[in-house]
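Please look over the structure below before reading on.

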Amino acid sequence: MKKTILTLLIAAASLSMFSLNAQTAPKPKPSPAAEVSAVLSNGTALSIKYSQPSLKGRTPGKDIEPMMGKIWRAGANDATVFETSKDIKVNGQSLPAGKYAFFTLQNEKGTTLIFNKTWKQWGAFQYKEADDALRIMAKQTTSSESSEKLVYSISNKGLVVLNWGTINIEFTVE
């Protein structure tokens, strides 16, 4: 009898704990997953999957990435993934169809875009230059308005824009 009562009490306690946990709403992630995609006028499907960090009062290049001379995953958490359904040209340079980790490198000359064959990686910690499929220079400008969250956009004409703080990085895909 004592064993039966003890078993029932343990079962009831377990169920109530499960019920409480099931009712607790998950906390929003500080850098939630985001994706942007487009089909270009030539039928090429492009997508960019990334985690979307927020500035929270920080300044890119000073308090938060991208830092001068350091590879940046162009997002947060996992490396940003750039995927194309067909062979394309990025700023006039060839890139075969496939998935790529997308990184940037800021330097005195401007911004280098990096499309790396190892698309599944955490941040830029395992980045290897030997796995780069393409490195090109991109146009970087400064905006008068600041974007609190990192945002990518792709137009159906192939203009890709990364907005982060007052940084705007643009490149074309055809």
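This is a predicted model: local features need pLDDT of at least 70, side-chain atom pairs count only at pLDDT 80 or more; totals for chains, interfaces and linings use all residues.

Start with empty space. Rolling a probe the size of a water molecule over the atoms shows where such space is left. The largest pocket here holds about 210 Å³. Its lining is made up of 16 residues, and the closest to the centre are Lys49, Ser51, Asp78, Ala79 and Val81. Which strands supply at least two residues each? They are strand S2, residues 45-51, and strand S4, residues 76-84. S4 gives the most, with five residues. Sorted by class, the lining has seven nonpolar, five charged and four polar residues.

Now move to strand S10, which covers residues 159-172 and includes Ile169. Is Ile169 buried or exposed? Its relative accessibility is 2%, so Ile169 counts as buried, because buried means under 20%. Look at what surrounds this residue. Ile169 and Gln140 are 29 residues apart in sequence, yet their C-alpha atoms are 4.4 Å apart in space.

Next come the aromatic rings. The structure holds nine aromatic pairs. One of them joins Phe102 and Phe115, with ring centres 5.2 Å apart. The planes meet at 50°, so this pair is tilted. Phe102 belongs to strand S7 (residues 98-107) and Phe115 to strand S8 (residues 110-116), so the pair ties together parts 13 residues apart in sequence. Phe102 is buried at 2% relative accessibility, and Phe115 is buried at 0%.

Phe103 pairs with Tyr127. Why is this pair called edge-to-face? The planes stand at 70°, and the ring centres are 5.1 Å apart; planes over 60 degrees apart count as edge-to-face. Phe103 lies in S7, while Tyr127 lies in the loop between S8 and strand S9 (132-154), so this pair links parts 24 residues apart in sequence. Phe103 is buried, with a relative accessible area of 0%. Tyr127 is buried too, at 15%.

Rings also gather in a group. Tyr50, Phe82, Phe102, Phe115, Tyr152 and Phe171 form one aromatic cluster.

Finally, look for charges over rings. The charged end of Lys99 sits over the ring of Trp119, 4.0 Å from its centre. Arg73 lies over the face of Trp122, at 5.8 Å from the ring centre.

Methods:
Residues are numbered from 1 along each chain as its sequence is written. Side-chain values use heavy atoms; hydrogens and water are left out. On a 1 Å grid over the protein atoms alone, a cavity is a set of points where a 1.4 Å probe fits but cannot get out, and a pocket is an open set with protein on both sides within 12 Å along at least five of seven lines; lining residues have an atom within 4 Å of a point. Grid points are joined across faces, edges and corners, and a volume is the space filled by probe spheres set on the points. Helices (H or I, at least four residues) and strands (E, at least two) are DSSP runs, numbered from the N terminus. Ala, Val, Leu, Ile, Met, Phe, Trp, Tyr, Cys and Pro count as nonpolar, Asp, Glu, Lys and Arg as charged, and the others, Gly among them, as polar. Buried means under 20% relative accessible area, exposed over 50%, partly exposed in between (1.4 Å probe, protein chains only). Rings of Phe, Tyr and Trp (its six-membered ring) pair if their centres lie within 6.5 Å; planes under 30 degrees apart count as stacked, over 60 as edge-to-face and the rest as tilted. A charge sits over a ring if NZ of Lys or CZ of Arg is within 6 Å of the ring centre and within 35 degrees of the ring normal.
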